[in-house]
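Subject: Structure for you to look at

Hello,

Here is the structure I promised to pass on. Please have it open while you read, and my notes follow below.

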Amino acid sequence: TIVSAFLSPGVVASEHDLASLHLRRDQSLPVILSTRATNADDEGYAEGVVTNTRFGSYPHSTIIGEPWGSQIRASMVDTGSRGRKSQQSKKRKAEAMGQADNEDGTATKDAVTASSGFVHVLPPTPENWTTSLPHRTQVVYTPDYSYILHRIRARPGSRLIEAGSGSGSFTHAAARAVFDGYAKDEVAAKDDGGSSSAKMPTPTGKVFSYEYHAERHRKVKDEMVSHGLDPIVKAMHRDVYRDGFLLEDEEGSAEKVSPRANAVFLDLPAPWEALPHLTRDTQGGAISALDPQSAVHICTFSPCIEQVQRTVSALRRYDWLDIEMVEVEHRRIEVKREYTSMQYEGMRGVNVFAVDVDEAVAKLRHVERRAKDFHAGSLEADKSTKAKQMQDNGNNNTKLPFDGGRLVHRTEPELKTHTSYLVFAVLPRAWTEEDEAAARAKWSKHV
Ligand code: SAM
C-alpha cells in the first residue's frame with residue numbers, strides 16, 4: 001500500500017511491513033517482516049527470516065497474516081546449523097562481553113533452544129519507533145514532542161519546518177501530525193494494482209526537515225522512503241544557519257521557493273542563528289520561508305538556560321510575540337504493594353507516568369480493580385478451577401491478593417527523556433493595506 005504503515009497499518013501484519021516486536025515494557029524491536037531470506041544464514045530454510053530474541057525465536061512466517069496486537073508464541077527453530085560459523089564468533093564475542101544473547105538477531109543456539117516465550121506484534125507508531133530507533137544523536141522523546149506538536153498547532157495540513165533532523169524521532173511524530181490524507185480515488189487506484197508509475201498523490205500537510213550532517217541526513221531520508229513517509233517529509237541536506245529554509249525549485253530553475261511554513265521546531269545548538277531566516281520582512285527582495293496568510297508558531301529546544309536567553313532576545317528582535325519558556329518535567333513513579341506473605345511475594349505494581357504519588361497510587365488501584373474483576377470472572381467461568389484454588393488456598397473465600405499489602409513507591413532515577421527548555425513564540429500573520437481593504441469589502445457585504 002502507498003499509505004505508510006505509520007499512518008494506516010491495516011488490520012494484519014503483512015510481508016514487508018515494519019513491525020514492532022514488543023518484548024516487554026520499554027523494550028521493543030523494529031523488524032521488517034519477510035518470509036524471504038535476507039542473508040545467507042537464513043537461505044534455504046522453510047520458515048524464512050527468523051528474529052531471535054532473549055524471549056525465543058520468531059520466524060516471520062508465524063507473524064505475517066496475524067492481526068496487529070496479537071501475541072506470538074516463540075517457535076523452536078533449529079537455528080543451530082544456520083550460519084554456525086558466524087554465530088560461534090558472535091557467541092564468543094558475547095561471552096567476552098558477559099552477555100549470552102542480545103536482541104539484534106544474534107542469539108546463540110543455546111539461547112534459542114533453551115528459551116521460550118512470547119512477544120506482541122505491534123504496528124509501527126512514532127512512539128514505539130522513538131523507543132527503538134537507532135540513536136545517532138540525542139532525540140526528542142514522546143512526552144516532549146506530544147506537547148510541542150500541540151503548542152505549535154501542528155495539525156492535518158500544517159506545513160512544518162524542522163531543524164535538525166537528527167535521528168528522525170521528532171520527524172516521525174511530526175509527519176503523523178500534519179498528514180491530511182490522500183485523495184481516496186488515487187489511493188484506491190494504486191492499491192488495486194494500478195501501475196506503479198501512476199502519479200504519487202501529494203498530501204498538503206508537509207514536514208520540511210533540514211540536517212547539515214551528511215550521513216544523518218542520508219539515513220533520515222532513506223528511512224522516510226522505507227517507512228512510506230517520503231510524500232510527507234522533504235528531508236534536505238542543509239546548514240540552516242548559513243542557507244536558511246527556502247526550497248530549490250523542483251523545475252530546476254535557480255528561483256527559490258518558499259516552504260510557506262506555519263509551524264517551526266528548532267532542535268539546534270544555536271537557534272538564534274537560524275531565526276534571521278524565519279522573518280516576514282526579508283532583505284533585498286528575497287522571499288520569506290513563512291506562510292504570509294497564517295500566524296506562525298515556533299518552538300526551540302535547548303538544554304541550557306544561556307541558550308534560552310540568547311534565543312529569547314533574538315525572538316524579540318525578530319518581532320515574535322507571546323514568548324514563553326516551559327520545561328516538561330515528567331517522572332515515572334513506581335508504586336507497589338509490599339507483601340509479607342511468601343505466596344504473593346514478587347507481585348507487580350504499576351509503573352506509570354504521573355504528576356505525583358497520589359495519581360500513581362490511583363492508577364495502581366485501577367490496575368488492581370481490573371485484575372480483580374478479571375480473576376473473579378475467570379473463577380466464575382471455571383468452577384472446578386475455583387474449587388481447586390480454594391482448596392489450595394486452604395480456605396473457601398475468594399479473597400484475592402490485592403487486599404492489604406503496604407504501599408511503597410519510588411521514582412525511577414533514570415529518565416528516558418532529554419530534559420530541555422522549550423521556548424514557544426508566535427509571529428502574527430502579515431497584515432497589509434490590501435488585506436485590510438479585502439477584509440473591509442467582505443465585511444461590508446454582511447452589513
Ligand atoms: N530532533 C532530533 C530527533 O528527535 O531525533 C534530534 C536533533 S539533534 C539533537 C540536533 C541535530 O541538528 C544534529 O543532528 C545536528 O547535526 C543538526 N544541526 C546542528 N546545526 C545545524 C545546522 N546549522 N543546520 C542543520 N542541522 C544542524
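**What I found**

Strands S5 (residues 71-73) and S6 are paired in the antiparallel sense, with 3 bridges between them. In that pairing Arg73 sits opposite Phe118 of S6. Strand S1 (residues 18-24) also pairs with S6, again antiparallel and over 3 bridges, and here Ser20 faces Leu122 of S6.

Strand S6 itself covers residues 118-122 and has two faces. Val119 and Val121 make up the covered face, while Phe118, His120 and Leu122 lie on the uncovered one.

The average pLDDT of the chain is 79, and 71% of the residues score at least 70. Two stretches need care. Residues 194-198 have a pLDDT below 50, and beyond near neighbours in sequence this stretch makes 3 contacts in the model. Residues 393-401 are also below 50, with 7 contacts beyond near neighbours in sequence. Where pLDDT is low, the predicted coordinates should not be read in detail. The model scores are ipTM 0.99 and pTM 0.76.

**The seven-stranded sheet**

There is also an open sheet of 7 strands, in the order S9-S8-S7-S12-S13-S18-S14 and with mixed pairing. Strand S9 (233-237) and strand S14 (321-327) stand at the edges with a single partner strand each, so one side of each has no neighbour in the sheet. From one strand to the next, the twist averages 15°.

Within this sheet, S13 (residues 296-302) and S18 (residues 421-427) run antiparallel and are joined by 7 bridges. Phe301 stands opposite Leu422 in S18. Helix H5 packs on the sheet, where it touches strand S7 (159-163), S8, S9 and strand S12 (263-266). The direction of H5 makes about 160° with that of S8. Helix H10 (residues 305-317) lies across S13, S14 and S18, and runs at about 5° to S18.

**Around the ligand**

Which residues come nearest to the ligand? Of the 23 residues around the ligand, they are Gly164, Gly166, Ser167, Ser169 and Tyr212. The shell divides into 10 nonpolar, 8 polar and 5 charged residues. Helix H5 (169-178), strand S8 (206-211) and helix H8 (240-243) each supply at least two residues of this shell.

Best wishes

How values were computed
Residues numbered from 1 in each chain as written. Predicted model: local features only at pLDDT ≥ 70, side-chain atom pairs only at ≥ 80, totals over all residues. Near = placed C-beta within 6 Å. Helix = DSSP H or I, 4+ residues; strand = E, 2+ residues; numbered from the N terminus. Nonpolar A, V, L, I, M, F, W, Y, C, P; charged D, E, K, R; others polar. Pairing = 2+ DSSP bridges. Axes fitted to C-alpha atoms, helices over the stretch in contact; angles between N-to-C directions. Contact = placed C-beta atoms within 7 Å. pLDDT = per-residue confidence, 0-100. Buried ≥ 20, exposed ≤ 12 C-beta atoms within 10 Å, placed from the backbone.
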